[in-house]
Amino acid sequence: MTVLSASSVDEWQQVSSTSFVPLQCHRVSTTFTGTVDVRHLGSAMSLSQVMTDSVHVTRTPRLAAESSSDDLLLSIQLASAGRISQHGRDAMLTPGAAVLYETNRPYEIDHRQPGQHQLIAKINRSALGLPDHGIARACGQLLSSKQPRLRLFTSYASTLYEEAENLSTSESYEMATFALDLLATLLRTEASTASPPQTKDLLATLQCFVRANLGSPNLSVETLAEQHHVSVRTVYNAFAPAGVSPAAYIRKARLKKAAALLTTPQARIRTVASIAAECGYTDPTTFTRAFRREYGTAPAQHQTP
């Protein structure tokens, strides 16, 4: 058993980052307290009871990209209400409901209501035996408290959490394996019935991802498809209503950022090459050519004197 507590949002950011994955926590009210009680059940799974006052949490694209975590989190709401968002989907949680989300992708947790209480299962992705595309379809989808499979899993996981300290290593492994089988059955059903994201929602998600990753020279249509578990064709279809191709959107966003950086007071002490690199261009010559085509002038002429 590992119990961690916090008396401020800053402390909670450290506690939650240690217990789960690196996160950014934002204050909602003037006072805050929080505790997390973790029960480890081997390398494949852990169960935690989390209790907090009002808080807003984000797993930013940068944090997700920098972290090596590939775990999944299943959050079961026990008290109060909240919202968890991932892949352009919002799950509005009330007691008994749950949502799955993956740690290698950005997400947002909006727990503005006080008296928050969750049971959270941290799961090794490979232990579920489900394909990545099926997991991605289930993430961010509300799991209703009316689902018998979820009620069964919640009851078993709650009992397992309470009994974890009394179990031997082999018993923990066996009971965690059974819990993972229950969860896989639940998610397999959910993944097969989940609706794909609406084009408008997917476009907003893709555009947000582009803006957050302009500095990556590997940002491409293929990257967008891979990171959001959709096909390249789906990415092109999502951008079609905007009247611009994904590649053109990336290029214009990079150049717009470069133009803004070139006019900042700090630009006078920076090289054009460093600004190009910050915007995802590894070759200053290629950047200069693209910038001139877009703005009709060279970057150096655009730069704040």
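The model is predicted. Its chain has 305 residues, and buried residues make up 49% of them. The secondary structure comes to 13 helices and twelve strands. Along its principal axes, the C-alpha trace spans about 70 × 40 × 35 Å.

Contacts come next. Take those in the chain with a separation of 6 or more: residues 24 or more positions apart account for 70% of them. The accessible surface is about 14700 Å². Carbon and sulfur atoms hold 53% of that surface. As for charge, the chain carries 28 positive and 25 negative side chains. The centres of these two sets lie 14 Å apart.

H1 covers residues 9-19. Its buried residues are Val-9, Trp-12, Val-15, Ser-16, Ser-17 and Ser-19. What covers them? The cover includes strands S1 (2-6), S2 (24-27), S3 (34-40), S4 (45-52) and S5 (55-59). Strand S11 (116-123) is also part of that cover.

Which residues does Ser-17 touch, leaving aside its neighbours within four places in sequence? They are Trp-12, Pro-22 and Leu-23. Trp-12 is itself among the buried residues of H1.

Move on to Ser-80. This residue sits in the loop between strand S6 (72-79) and strand S7 (82-86). Its phi is positive, at about 65 degrees, although Ser-80 is not a glycine.

The last stop is Asp-283. This residue lies in a loop too, between helix H11 (272-278) and helix H12 (284-295). Asp-283 and Ala-273 are ten residues apart in sequence. In space, their C-alpha atoms are 7.9 Å apart. Which side chain does the side chain of Asp-283 meet in a polar contact? The partner is the side chain of Thr-286, at 2.9 Å.

Terms used
Residues numbered from 1 in each chain as written. Predicted model: local features only at pLDDT ≥ 70, side-chain atom pairs only at ≥ 80, totals over all residues. Heavy atoms only, no water. Helix = DSSP H or I, 4+ residues; strand = E, 2+ residues; numbered from the N terminus. Buried < 20%, exposed > 50% of the residue type's maximum accessible area, 1.4 Å probe, protein only. Contact = heavy atoms within 4.5 Å. Areas by Shrake-Rupley, 256 points an atom, 1.4 Å probe, with all protein chains shown as cover. Lys, Arg positive; Asp, Glu negative; His and termini not counted. Charge placed at Lys NZ, Arg CZ, Asp CG, Glu CD. Polar contact = N/O pair within 3.5 Å; in protein donor to acceptor, adjacent residues only side chain to side chain.
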